[in-house]
Amino acid sequence: MSMKIYQLNEEFRNIVPQEIVALQENATWGNPKRGVMDLPVSKELLEEHSLCAGCPESAALRYILASLPNPEDTIIVNSTGCTSLMFPHIALHTVHSLFGNQNSVATGIKRTLEWRFPDKTKDVVVLAGDGATVDIGLDYTLQSFFRQEKITTICFDNEVYANTGGQESGLTPKGHVFKMAPKGKQFEKVPMWQLAIDSGCHYVARLTVSSPKRVEKVIKEAIYVAREVGPTYVHLYTPCILEIGLNSDDGLEEMRGRDKERFKFFEYKSPEAEEVIKKYKEEGLL
Ligand SMILES: Cc1ncc(C[n+]2csc(CCOP(=O)(O)OP(=O)(O)O)c2C)c(N)n1
Ligand code: SF4
Ligand SMILES: [Mg+2]
């Protein structure tokens, strides 16, 4: 690793996945201008992850990891679900929290780091599925917004409880039928991005992960605003190709279709957030 946090044991150099060797040799850590353009030479999520082949969650995480401005001092708090299958395969500080508790755990970590390292920048990012963020964890998610915690919350919305076999979630659209929701969803999709604005988030974005550059812009803005102002929320459509019956190479087309309708790019910035974004643009970091 460029920041010498992870060191490759030389005796294993010939047998570890070559991506680990590439990561040690080419990692972009320490360069705040790093981004998705670096992915051809260096990527933190190994190809041998245990998600379904072609799952858009893996592409989304790859883009996010490439876009973190400060990966060596970033802690990602995750929750149970398909997203948690990726974390054993990445080179970054992560915490796996009990399902739904992720924003409370992140709050404790952020506050402790600010107290322990007052002169250092430490970014805390929550990354969890729709079930964890909006159903079982909704209270903890919103309470962290009300308290103005300086953390970024990213929801991977695949509109279903994928990891447990296809139950409907609050983010399933009305009428959708899943294996374990055979009658079809009876009520509307929860407008989580609007709840985030109403609950005090300073930067909110809703998008699919069809465009890596757009994901990079959103993640950087969300992290810089959380660092300086308060809570930020990013809502990403990462369809579960398995549960909606698509092939492994259909995820991108599915997202492009949704770009034009219910996941049309949407962004909200508070006046304080606008100021921070302007400052980082002037510094050439956005
Ligand atoms: C406290 C607790 N309650 C319930 C579960 C069972 N559980 C595991 S994953 C999951 C659903 C995850 O759905 P989501 O957050 O949407 O993530 P996805 O798998 O769709 O990425 C549930 C209910 C659990 N592991 N722990
Ligand atoms: S079950 Fe769905 S969300 Fe989970 S890894 Fe497979 S495609 Fe991705
Ligand atoms: Mg889900």
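Tutor: Let's start with G54, which sits in the loop between α1 (18–26) and α2 (56–67); helices are DSSP runs of H or I with at least four residues, strands are E runs of at least two, and both are numbered from the N terminus. This is a predicted model, where local features need pLDDT of at least 70, side-chain atom pairs count only at pLDDT 80 or more, and totals for chains, interfaces and linings use all residues. Residues are numbered from 1 along each chain as its sequence is written, with chains lettered from A and ligands numbered from 1 in the order in which they are written.

Student: Why is G54 called partly exposed?

Tutor: A residue is buried if 20 or more other C-beta atoms, placed from the backbone, lie within 10 Å of its own, exposed if 12 or fewer, and partly exposed in between. G54 has 16 C-beta neighbours inside 10 Å, so G54 counts as partly exposed.

Student: And what makes E19 partly exposed?

Tutor: E19, in helix α1, has 17 other C-beta atoms within 10 Å, and therefore is partly exposed too.

Student: Which residues does G54 touch, not counting residues up to four places away in sequence?

Tutor: Contact requires C-beta atoms, placed from the backbone, within 7 Å. By that rule G54 touches I241, S248, D249 and G251. G54 and D249 are 195 residues apart in sequence, yet 5.9 Å apart in space, C-alpha to C-alpha. With the same exclusion of neighbours within four places, E19 is in contact with K43, L46 and E47.

Student: Why is α7 called roughly perpendicular to α9?

Tutor: Helix α7 (residues 212–228) and helix α9 (residues 271–282) pack at an angle of about 115°, with axes 9 Å apart. Angles of 65 to 115 degrees count as roughly perpendicular, under 35 as roughly parallel, over 145 as roughly antiparallel and the rest as oblique. That makes α7 roughly perpendicular to α9.

Student: Which residues meet there?

Tutor: E221, Y224, V225 and E228 in α7 meet A273, V276, I277 and Y280 in α9. By class, that contact has 6 nonpolar, no polar and 2 charged residues; Ala, Val, Leu, Ile, Met, Phe, Trp, Tyr, Cys and Pro count as nonpolar, Asp, Glu, Lys and Arg as charged, and the others, Gly among them, as polar.

Student: How does the shell around ligand 2 divide by class?

Tutor: Into 8 nonpolar, 2 polar and 2 charged residues. Those surrounding ligand 2 include C52, C55, E57 and N163, where the C-beta atom, placed from the backbone, must lie within 6 Å of the molecule.

Note on methods: Axes are lines fitted to C-alpha atoms, for helices over the stretch in contact, and angles run from 0 to 180 degrees between N-to-C directions. Two residues are in contact if their C-beta atoms, placed from the backbone, lie within 7 Å.
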